Every structure is written in structure tokens, then in C-alpha cells.
Amino acid sequence: MATIAQARPRPLVSKFYVTMAALFAAIAFGGFFGTYWLQLARGTFTGSPMMHLHGLLFSLWTLFFLSQALLVANRQLKTHRAWGLFGIALATAMVFTGLAVAIQGLQFRLDAGHGDAARAFTIVPVSAVLMFAGFVTAAILNLRRPEWHKRFMLLATTSLLQAAVARMFFLAATGGGPGARPGLGPPQPIGNTTVAGLIVELLVVPAMVHDWRAYGRVHPAYWWGFALSLLLLTARPVVGYTDAWYRFTDFLIAFGG
């Protein structure tokens, strides 16, 4: 008697992406609650208008990612695609404001006398912004390949979360206080940021496990993203303390005017 093999039914993967997007938004807002949102409400936050714009755009991205996941989950694909142009514009603005804030932070630390320690630490925010830009670009290039596109978008959003996780460590270590935030003190050694980076890296693991359970394999986009993110974490302390990087940060200062 012949046996007819039945293909494994495709799961509704969009529900998983909604869950991950909601988790990312919770981490982003939770991480910045004590060092930004609460201080903003109390009037104790000190920072430039660019920092406020930066915070608004990066927070808006997590909500945008969640809304896009919800649209797919509710089969509103035309609306999802229509909002794509807004996402490209938002991501572009985020890259420029992210770099601007990184340069401002570098200038502030140099003025405070932190010298090469300030130059070295700048590799953390700059590389995070460039990693985000790279993943978003990959997602745009794969608009007609949804299995790649959605995974690159998830990787892009994950790459933004290190700053939020790092602020949780900052609050746990210092207890916070009116106006307290990491950028106001001496820059950390680059190695001290690795734990927060690894925690963010681990956020990709549930997505990889989901792929394995749903399809019997992990999609190559996750392998590439996981490997590149891990390479970035290991390269930061190697590159950040070199004369070449110090000269690059001087270029950033001159470019930022």
C-alpha cells in the first residue's frame, strides 16, 4: 500500500514576529525609562535637541516594527507594503541622527578631558548604527524575498537594543538619580559593553529555534546576522584602541563641525 507523504503545514510565523516585536518594544522603552522617559516627565533630563530627536526616532522604530508585524499577522499586506516607504525614511533619519549623537557624545567627553578613552568608546555607538543600517539595507534589497526581508528587519531591530540593555546595567549599578544617564560620566572601557551586547545577541536565538522547529533548519539570514553581530562584538575592543580609529574619530569631529 503506497504511503503518501504529507508536507508539514506552514505555521503562521507572523504571530512569532509579533511576539518578538512586542518584546523588543518593551526592552527599548523599559531600558530608557529611568534614564530618559521618567526624567523627561520630571524635567530633569539634560541633553541637546538632537538627543530628543534621536530618542523619538529610535523609539518610533520599535513601534513601527511592531505595527508592521501586526499588519502581516492580520493579512493586511498592502498596507504593510505601503508603510514600507515610511520605514525607509525613518531608518535613514535614524542613521544620521544616531551618528550625530555619537559625535556629540565624543565631543562632550573630549571637552571633559577623557581623551583617547572617549575616542575608543565611540566605536560602540557608531558601529551599532552602521550595523543597523547594514541590516535595513539588506532588508530593502530583499523586498521581493519576504523570508529574507523579515529576518533582516528583525536583525536590524535587535541591533538597536544594546543601548537599552546597557542602561539597565547602569541603573542597577548606580541606582540612577535625577538626571543620571551613562553619557554624562567617564566613558566605559569597550570590554564593559560586551555583556549587554551578548544579551542582545541572544535575542536572535529564539528566532533561530523557531526556524528550526517550524522548518527543520535555521534560515541563512540568521546565521549571517548572528555571525556578523558576534564579529562586531569581538572586533570593537581590537579596533577601538588603535591609532587608525583615533584618527577616524578626529575626522568625525571635523565632519560634525
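**Figure 1. Ala-166, a residue in helix α8.** Let's start with Ala-166, which sits in helix α8 of a predicted model. Helices here are DSSP runs of H or I with at least four residues, strands are runs of E with at least two, and both are numbered from the N terminus. With a relative accessibility of 27%, Ala-166 counts as partly exposed. That label covers what lies between buried (under 20% relative accessible area) and exposed (over 50%), using a 1.4 Å probe and protein chains only. Now look across to Phe-65: 101 residues separate it from Ala-166 along the chain, and their C-alpha atoms are 21 Å apart.

A quick word on the ground rules: residues are numbered from 1 along each chain as its sequence is written, and side-chain values use heavy atoms, with hydrogens and water left out. Because the model is predicted, local features need pLDDT of at least 70 and side-chain atom pairs count only at pLDDT 80 or more, while totals for chains, interfaces and linings use all residues.

Figure 2. Staying in helix α8, which covers residues 162-174, we find Gln-162. Is Gln-162 buried or exposed? Its relative accessibility is 10%, so Gln-162 counts as buried. Its side chain makes a polar contact of 3.0 Å with the side chain of Arg-236. A polar contact is a pair of N or O atoms within 3.5 Å; within protein, one must be able to donate a hydrogen and the other to accept it, and residues adjacent in sequence count only if both atoms are side-chain atoms. A polar atom of the Gln-162 side chain also lies 3.1 Å from the backbone oxygen of Thr-193. Which residues touch Gln-162, if you skip its neighbours within four places in sequence? They are Val-124, Thr-193, Ala-196, Gly-197, Val-200, Leu-233 and Arg-236, where contact means heavy atoms within 4.5 Å.

**Figure 3. Thr-249 in helix α12.** Next stop is Thr-249, which belongs to helix α12. Its relative accessibility is 1%, so Thr-249 counts as buried. Setting aside neighbours within four places in sequence, Thr-249 is in contact with Leu-106, Arg-119 and Thr-122.

**Figure 4. Ala-254, also in helix α12.** Helix α12 runs over residues 243-256, and Ala-254 is part of it. Ala-254 has a relative accessible area of 61%, so it is exposed. In sequence, Ala-254 and Ile-103 are 151 residues apart, yet C-alpha to C-alpha they are 9.7 Å apart in space.

**Figure 5. Ala-93 and Ile-88 in helix α4.** Helix α4 spans residues 84-111 and holds Ala-93. Ile-88 lies in helix α4 too. Ala-93, at 27% relative accessibility, counts as partly exposed, and Ile-88, at 31%, counts as partly exposed. Ala-93 is 35 residues from Phe-58 in sequence and 9.5 Å from it in space, C-alpha to C-alpha.

**Figure 6. Arg-75 in a loop.** Arg-75 is found in the loop between α2 (49-73) and α3 (77-82). Its phi is positive, about 60 degrees, although Arg-75 is not a glycine. Most residues other than glycine have a negative phi. Arg-75 has a relative accessible area of 56%, so it is exposed.

**Figure 7. Stepping back to the chain.** How many helices and strands are there in the chain? There are twelve helices and zero strands. The radius of gyration of the chain is 20 Å, close to the 18 Å that the globule rule gives for 257 residues, so the chain is as compact as a globular protein of that length. That radius is taken over C-alpha atoms, and the globule rule is 2.2 Å times the number of residues to the power 0.38. Along its principal axes, the C-alpha trace spans about 80 × 40 × 35 Å. Buried residues make up 44% of the 257 residues. Among contacts with a separation of 6 or more, 79% come from residues 24 or more positions apart.
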